[in-house]
Amino acid sequence: MSITEKDFNGLSNEVYLVDEKHDKYNPDIKAGEKIKIGKNEYEILKVEDNTTNGMQAMAVAPIVNGKVDTSQVVIAYAGTNFSDNLDKLADTSTVIGGNKDAMSIPGWWGVKTVDSQALTAQQFAAEIKKKYPSADITTTGHSLGQFLALYVAAENQWSNIGFNGPDPYKILSEDAKKWLKDNSGRLTNYRNKGDMIGNFGGNGTGAEVLIDMAMGNNPLDCHQLSAWKFDESGNLIISDLETNKEAQRIIAEKRMYARIIGLTLIKDKLLSSGGGLSANEAIFLDDSQALAAVESASEAMKAGLSSVLKIYQDAITEAEKVWQDGLSKARSIGTDLSENEIEAALAAGGATKADIVDSPTAFYEEKINKAKQLGESFDSLAKDIKAGIDKLVQSDKELASQIG
Amino acid sequence: MKKKRWITAFVVFLVVVGIGVGGKMYMENKKAKEIHEAEKLSVPVLKNTFEGIKSVEFKATDYNQMTGFYTMVVEMTDKKDQSVQFHFSYIIGEEEIGAYSVKDEDIQKEGQTTTTVHVIYSDKVEEEL
């Protein structure tokens with residue numbers, strides 16, 4: 001089952017309910033309970049409500065054909081609960097202050113030192129890793145939760161998709177920082193351009209995808225998890241604003257990473273089943289990798305293409321404007337001349353409409369056509385590869401049941 | 001003279017406390033209204049998610065300021081008079097509910113309810129929707 005971005009968004013909200021200090025504490029959030037998000041159903045494997053430092057975490061696995069499929073696990077961490085002073089302290093001490101291991105809680109009796117939420121987040125993750133050693137684990141969270149999720153993903157070399165998270169680069173180990181140099185594509189931290197709170201801490205991890213939601217700068221609205229909207233397939237909707245072209249390109253790259261990891265899993269599954277790759281299995285993997293690469297290149301190219309198209313179109317508009325300006329200036333000088341005489345005078349000086357507008361326009365229009373053709377050939381290549389894969393899966397029933 | 005000063009001070013004190021209490025009551029009233037409104041808006045969405053609903057009783061609703069989601073705990077009764085209590089998440093304006101806990105698939109059957117549903121809000125007001 002494919003876990004969608006909408007699912008991560010929903011799970012990042014559900015985990016807040018694990019907090020017993022939450023006004024409407026909900027006993028439904030415990031191990032064994034089932035949650036449905038859209039078309040996908042999940043079973044809760046484990047929850048932790050740490051009353052010493054305020055951390056809440058939840059691990060879930062998808063339910064496929066009525067059975068829990070622990071080959072995929074999602075660990076979600078909760079963000080700040082404003083009625084929990086411990087969360088506010090974690091924000092100050094760990095997120096802003098950069099204290100990785102411990103948190104000092106002042107009280108009338110003195111100061112108590114407890115494990116930081118980053119530490120207990122990692123402990124929770126380690127317990128899950130131990131219990132499900134062959135699972136593909138992805139972390140998620142919102143706000144403080146996403147800060148913890150990014151931290152845990154980087155330290156364990158897992159994938160992450162989350163929202164509005166401050167960046168934890170400052171508290172990462174040297175090993176995690178090293179891994180991130182080549183693998184930051186595995187982490188996706190969706191950030192709202194107007195969200196001052198979540199955008200704190202820079203982007204040392206490289207996880208950030210900054211999106212202009214055209215929402216202004218009110219941090220209370222822009223920090224909300226509910227501001228994110230998703231399409232029919234559960235993918236995040238990013239508007240076609242000029243300011244989002246960069247985001248679209250980065251997402252195309254990150255999605256390619258995710259596809260390749262997915263393929264590695266399928267490959268492992270296929271290898272473990274028979275001890276080697278059959279001819280069809282090998283073709284399937286090669287084609288699927290090719291498909292992943294072409295599709296993401298196509299997406300990235302389309303984002304680039306529309307910027308380029310806009311530049312060309314602006315150039316054409318600019319050329320026309322230059323010609324019109326020139327004409328009006330000429331008119332204002334030679335008020336006794338007819339229109340033809342004005343144009344002849346301009347031509348004598350080397351400025352004809354053909355040179356200034358028509359020929360550049362023809363030049364740009366040809367470039368525009370070439371670019372569009374390139375886009376179309378990517379699309380048809382992707383289509384051909386997909387058709388090839390489908391045909392293969394149809395004719396090879398064994399392969400189909402392995403991937404199923 | 002001294003006594004008069006005390007009385008004035010006391011009256012001022014009462015007025016200030018009155019405004020404070022009144023203010024708090026105003027905010028709580030406003031919050032209760034918003035919750036009632038959110039519950040009301042979620043009913044058509046519930047009807048578009050589950051079939052065979054006879055009645056819905058809102059037990060508790062909370063708004064998470066951080067996430068912008070409402071979490072509502074309801075007791076839903078179907079046309080066979082079977083009841084199930086579960087929670088779901090809802091964002092105002094959305095046409096689908098966010099997530100819901102699966103407690104009894106026999107009662108929580110996905111589909112549409114086109115008939116009128118008896119609604120009891122968390123503030124005890126009742127309505128047919």
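You're looking at a predicted model, where local features need pLDDT of at least 70, side-chain atom pairs count only at pLDDT 80 or more, and totals for chains, interfaces and linings use all residues. Residues are numbered from 1 along each chain as its sequence is written, chains are lettered from A and ligands numbered from 1 in the order written, and side-chain values use heavy atoms, leaving out hydrogens and water.

**Stop one: two helices**

Select residues 117–131 of chain A, which is helix α3, and residues 144–156 of chain A, helix α4. (Helices are DSSP runs of H or I, at least four residues; strands are runs of E, at least two.) Their axes, lines fitted to C-alpha atoms over the stretch in contact, come within 10 Å and cross at roughly 55°.

Now show side chains. On α3(A), the contact (heavy atoms within 4.5 Å) includes A118(A), A121(A) and A125(A). On α4(A), look for L144(A), L148(A) and Y151(A), among others.

**Stop two: a pocket**

Next, select K6(A), G38(A), K39(A), E96(B) and I97(B), which lie nearest the centre of the second largest pocket. In total, 35 residues line this pocket. α1(A) gives the most to the lining, with 4 residues. A pocket here is an open set of points on a 1 Å grid over the protein atoms alone, where a 1.4 Å probe fits, with protein on both sides within 12 Å along at least five of seven lines; lining residues have an atom within 4 Å of a point.

Note on methods: Axes fitted to C-alpha atoms, helices over the stretch in contact; angles between N-to-C directions.
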